[in-house]
Amino acid sequence: MKNKTIIKVYLIPTLLQITVIAALVGILKLRGFELGYNSFLGILFISLAGISSALWGIVYQVKCHSKRPLEILKDFFNIKQSVKSYTLVLIFLMLEFSSVIINRGFKIESLFLPLLLFFKAIVFGGIEELGWRYSFQPSIEKKIPYIASTLITFVCWGVWHLLFFYIDGSLESIHILVFLLGLLTNSFILSALFAYSNSLWICVMTHALINTFSQMSINDTGLLDFIAKAICIFFAVYLYLVSKKERIMDN
């Protein structure tokens, strides 16, 4: 599958959909409409924007890989994965949130809160993996080296997120540089996990857990957090190289 196919069938429609919605939101805001989560129209726009990457990821899989929707759904919820894959997820999570753990910065108001946030994060976050890791990056990795393809995915994913944050009205409250650093780290983590496990579910679950723990985090140390993220990136690259070597040996 050529790179131009994934760009034509997935990337352009995904970014076009969310850009058009962002433009409509901007026009309506100038005309005095109340949007965001406080209005039905705002929620409609947020929903249409939020599903864009998943929607076109599914379209790409159906059109270019002849996958049936039920087959994709099975991949999405295929929790039967190796112990090593789940262990790697745990290692990445402990590394990424090490500063929060050290500073006891998790705020858990209820035992049910993490579970509720996790299921919410699957819908509002995990489904993005249908596009970025399940479809986009594996395709461009066939022609572009891993680090470069991860950086390309990060840039596209970052643009998508910033447009989404504008649509849902949270852009002004986000520290963009901190967010982008976290997104860069997660781009490496999720792509390495997919390369190792070849599992959509592992990426969906990890993405949802990262979002869940981020929402419960209230305290971390800046320098330690940067160091932890750097370690995550180096470990992700190492994991990818190991995975690639194992695939070559198996063949």
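Which residues do ring pairs link into a cluster? I looked, and ring pairs join Trp 160, Phe 164, Phe 165 and Phe 179. For the record, rings of Phe, Tyr and Trp (its six-membered ring) pair if their centres lie within 6.5 Å; planes under 30 degrees apart are stacked, over 60 edge-to-face, the rest tilted.

Ground rules next. This is a predicted model, where local features need pLDDT of at least 70 and side-chain atom pairs need 80 or more, while totals for chains, interfaces and linings use all residues. Residues are numbered from 1 along each chain as its sequence is written, and side-chain values use heavy atoms, without hydrogens and water.

I checked the fold: twelve helices and zero strands (DSSP runs, H or I of at least four residues for helices, E of at least two for strands, numbered from the N terminus).

Back to the rings: I found twelve aromatic pairs in the structure. Tyr 10 and Phe 136 make a tilted one, at 5.9 Å centre to centre and 40° between the planes. Tyr 10 sits in helix H1 (residues 3-30) and Phe 136 in helix H8 (residues 132-140), so this pair ties together parts 126 residues apart in sequence. Tyr 10 is buried at 0% relative accessibility, and Phe 136 is buried at 1% (buried is under 20% relative accessible area, exposed over 50%, partly exposed in between; 1.4 Å probe, protein chains only).

I also looked up Tyr 146 and Phe 188: their ring centres are 6.0 Å apart with planes at 80°, so I logged the pair as edge-to-face. Tyr 146 belongs to helix H9 (residues 146-168) and Phe 188 to helix H10 (residues 176-197).
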